[in-house]
Amino acid sequence: MKLRHHIAGGVVALSAGLFAVTASAGPVIYNLSLPNINTFDNVIIGTGSTVVTAQVVEGTTVYNYTDKDGNPATVTVARPGGGAASMDSGYSSGGQSLSGAVWDIGPQANPAGGGVGGKANIPGFNSGLTFTFSSPVNAFGFEIGDWATCCTGGNRPANVQADYGVPAQGSGLWIAFDGGAATLPANALSANDNPGVVAAGSYTNFIGAIDSSGFFSKVTFFGDGFGEVLYAGGTLRFASVPKGSVGVPEPSALALAGLALVALAGLRRRRAD
């Protein structure tokens with residue numbers, strides 16, 4: 001089988017036929033170029049589930065999807081602190097276009113938010129979006145425009161670095177689930193940290209999350225690359241996968257798999273000799 005492990009630039013697949021040990025451990029985040037959105041979709045389809053999509057339309061803040069029980073449901077999009085986010089008809093870069101309208105989430109010097117459980121507030125939080133689902137889902141994603149075009153050398157406040165265990169520099173994409181503490185799944189120190197730039201010379205990418213350990217009813221997403229223009233939207237993607245169907249490996253399982261692959265390589269060399 002394949003063990004999947006999340007890194008900021010996407011999902012790395014490690015072939016390890018001798019091991020089938022995975023653990024479901026919170027959301028797995030996918031950061032992909034637009035041509036590779038099918039990577040996210042195929043993980044969902046592989047569980048026997050269906051990807052439901054809704055194209056973002058300028059001026060519309062409520063979108064329909066089908067919940068885990070097959071019933072109609074809606075997601076409402078607003079600023080984390082409440083109120084409507086400004087929208088644009090779309091975004092294009094390097095010959096790649098987002099597939100629908102977009103919300104402007106360019107980080108602004110607004111009152112900070114995002115601190116939970118005594119943690120520091122994160123500048124830029126209220127410039128983002130909160131997606132509130134009328135019925136829980138456990139897979140969700142959307143497209144991003146203009147990330148990592150500049151502003152990758154900014155310094156985060158020391159208390160944010162300490163409380164969230166994040167680096168001092170970078171243009172980050174943050175995500176939080178159900179009002180919990182935000183995490184930093186993608187941090188750009190140069191344009192080459194955007195998978196769209198690497199794949200197609202385009203400042204476009206896709207962010208998706210799958211949590212087969214449970215379900216979530218709210219997702220907050222924002223950036224902290226101050227001075228950067230940033231958009232989110234295109235097409236929203238929803239799904240509900242079976243619990244435990246999408247896992248990430250325990251560190252011990254990864255270590256064992258690595259040792260097994262080294263041993264197998266040595267065995268092959270001995271046979272060749």
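Is Arg 237 counted as buried or exposed at 13% relative accessibility? In this predicted model, Arg 237 counts as buried, because a relative accessible area of 13% lies under the 20% limit.

**Arg 237 and its salt bridge**

Arg 237 belongs to strand β17, which runs over residues 231-239. The side chain of Arg 237 makes a polar contact of 2.8 Å with the side chain of Asp 41. The two side chains also meet in a salt bridge, at 2.8 Å from N to O. Asp 41 lies in helix α1 (residues 37-46) and Arg 237 in strand β17, so this pair ties together parts that are 196 residues apart in sequence. Asp 41 likewise counts as buried, at 12% relative accessibility.

When residues up to four places away in sequence are not counted, Arg 237 touches Asp 41 as well as Ile 37, Phe 40, Val 51, Val 52, Thr 53, Ala 139, Phe 140, Gly 141 and Phe 206.

**The salt bridges as a set**

Side chains of opposite charge can pair when their charged atoms come close.

| Salt bridge | N to O distance |
|---|---|
| Arg 237 and Asp 41 | 2.8 Å |
| Lys 68 and Asp 69 | 3.5 Å |
| Arg 156 and Asp 224 | 2.6 Å |

How far apart are the closest N and O atoms of Asp 224 and Arg 156? They are 2.6 Å apart in the salt bridge that these residues form. Asp 224 sits in the loop between β16 (216-223) and β17, while Arg 156 sits in the loop between β12 (139-145) and α2 (158-164), so the pair ties together parts that are 68 residues apart in sequence. Both Asp 224 and Arg 156 are buried.

The salt bridge of Asp 69 with Lys 68 has its closest N and O atoms 3.5 Å apart. Asp 69 is exposed, because its relative accessible area of 52% is over the 50% limit. Lys 68, with a relative accessible area of 42%, is partly exposed.

**The cavity**

Rolling a probe the size of a water molecule over the atoms shows where empty space is left. One cavity of 30 Å³ or more is present in the structure, and the largest cavity holds about 30 Å³ of space. Its lining is formed by Phe 140, Phe 142, Ile 175, Phe 177, Ile 207, Gly 208, Ala 209 and Val 219. The elements that give two or more residues to this lining are β12, β13 (171-177) and β15 (204-210). Strand β15 supplies the largest share, three residues.

Which classes of residue make up the lining of the largest cavity? Seven residues of the lining are nonpolar, one is polar and none is charged.

**Asn 138**

Asn 138 is found in the loop between β11 (129-137) and β12. Asn 138 is buried, with a relative accessible area of 0%. The side chain of Asn 138 reaches the backbone oxygen of Gly 214 at 3.5 Å. Apart from its neighbours within four places in sequence, Asn 138 is in contact with several residues, among them Ala 209, Ile 210, Asp 211, Ser 212, Phe 215 and Phe 216. Ala 239, Ser 240 and Val 241 are also included in the contacts of Asn 138. Ala 209, one of these contacts, is also one of the residues that line the largest cavity.

Definitions and conventions: Residues are numbered from 1 along each chain as its sequence is written. This is a predicted model: local features need pLDDT of at least 70, side-chain atom pairs count only at pLDDT 80 or more; totals for chains, interfaces and linings use all residues. Side-chain values use heavy atoms; hydrogens and water are left out. Helices (H or I, at least four residues) and strands (E, at least two) are DSSP runs, numbered from the N terminus. A polar contact is a pair of N or O atoms within 3.5 Å; within protein, one must be able to donate a hydrogen and the other to accept it, and residues adjacent in sequence count only if both atoms are side-chain atoms. Contact means heavy atoms within 4.5 Å. A salt bridge is a side-chain nitrogen of Lys or Arg within 4 Å of a carboxyl oxygen of Asp or Glu. Buried means under 20% relative accessible area, exposed over 50%, partly exposed in between (1.4 Å probe, protein chains only). On a 1 Å grid over the protein atoms alone, a cavity is a set of points where a 1.4 Å probe fits but cannot get out, and a pocket is an open set with protein on both sides within 12 Å along at least five of seven lines; lining residues have an atom within 4 Å of a point. Grid points are joined across faces, edges and corners, and a volume is the space filled by probe spheres set on the points. Ala, Val, Leu, Ile, Met, Phe, Trp, Tyr, Cys and Pro count as nonpolar, Asp, Glu, Lys and Arg as charged, and the others, Gly among them, as polar.
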